[in-house]
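Subject: Structure handover

Hello,

Here is the structure to go with the sequence. My notes on it follow below.

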Amino acid sequence: MEMARAYSIEEMSSRLKEQGRANTQAPLSSEQSFAAILKQKQEFKQNVQGAEELKFSKHANERLVSRNIDLTSAQRERLNGAVKRAEAKGIKESLVMLDNLAFIVNVKNNTVVTAVTGEEERIFSNIDGAVIV
């Protein structure tokens with residue numbers, strides 16, 4: 001039984017060029033570097049994430065229900081905008097004050113971690129910024 005031969009990247013690249021590409025994608029230019037492709041993919045991911053709606057963790061959803069917090073679509077839009085502003089400033093964990101509510105948001109994951117009403121004790125830790133809307 002013959003063992004499979006390991007090919008170098010250069011050999012595989014050459015073989016693919018010889019065989020042509022079976023799919024409809026344009027062949028990669030030999031001049032297109034890995035760094036350029038990576039940057040392109042990261043920019044695409046950021047654009048897609050930027051369009052994502054703000055998520056609520058299981059804990060945050062439980063807090064919304066237990067504290068009878070019902071956000072209007074306008075409040076959700078304002079909260080989403082506040083998170084985008086926090087991200088633009090480089091904040092990773094943000095306190096967002098909105099009307100009589102406070103939200104702790106993991107900006108990187110675009111996720112509300114918890115929600116607090118004005119009647120509760122307001123001590124917040126492990127945040128690196130705040131946005132007041």
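Is Thr-117 buried or exposed? Thr-117 is buried, with a relative accessible area of 10%; buried means under 20% relative accessible area, exposed over 50%, and partly exposed in between, with a 1.4 Å probe and protein chains only. Areas were computed by the Shrake-Rupley method with a 1.4 Å probe, and for residues only the protein chains shown count as cover.

Before the rest, the basis. This is a predicted model, in which local features need pLDDT of at least 70 and side-chain atom pairs count only at pLDDT 80 or more, while totals for chains, interfaces and linings use all residues. Residues are numbered from 1 along each chain as its sequence is written, and side-chain values use heavy atoms, with hydrogens and water left out.

Overall layout

The protein chain has four helices and five strands, in the order α-α-β-α-α-β-β-β-β along the sequence. Helices (H or I, at least four residues) and strands (E, at least two) are DSSP runs, numbered from the N terminus. Of its 133 residues, 26% count as buried. The chain exposes about 10,100 Å², and carbon and sulfur atoms supply 53% of that area. Taking contact as heavy atoms within 4.5 Å, 55% of the contacts between residues at least 6 apart in sequence join residues at least 24 apart.

Thr-117 belongs to strand 4. Six of the seven residues of this strand (residues 111-117) are buried, so strand 4 is largely enclosed by the rest of the structure. Two strands pair if DSSP finds at least two bridges between them. Strand 1 (residues 55-56) runs parallel to strand 4 and is joined to it by two bridges; Lys-55 has Thr-111 as its bridge partner there. Strand 3 (residues 101-106) runs antiparallel to strand 4, with six bridges between them, and Phe-103 stands opposite Ala-115. The hairpin of strand 3 and strand 4 has four residues between the strands, and Asn-110 in that hairpin takes a positive phi near 55°.

Leaving aside neighbours within four places in sequence, Thr-117 is in contact with Arg-67, Ile-69, Asn-100, Leu-101 and Arg-122.

Ala-102 lies in strand 3 and is buried, with a relative accessible area of 2%. Outside the four places on either side in sequence, the contacts of Ala-102 include Thr-114, Ala-115 and Val-116, as well as Leu-95, Val-96, Met-97 and Phe-124. Ala-102 and Val-131 are 29 residues apart along the chain, and their C-alpha atoms are separated by 9.9 Å.

Helix 4

Helix 4 (residues 73-88) has 16 residues, which at 1.5 Å a residue should span 22 Å; its end C-alpha atoms are 23 Å apart, which agrees. The expected span is 1.5 Å times one less than the number of residues.

Which residues of helix 4 are buried? They are Gln-75, Leu-79, Asn-80, Ala-82, Val-83 and Ala-86. These cover an arc of only 160° around the axis, which puts them on the same side of helix 4; the arc is that of the directions from the helix axis to the C-beta atoms. Ser-73, Glu-77 and Ala-88 are exposed on the other side.

The buried residues of helix 4 pack against strand 1, strand 2 (93-98), strand 3, strand 4 and strand 5 (129-132). After helix 4 comes Gly-90, with a positive phi near 85°.

Regards
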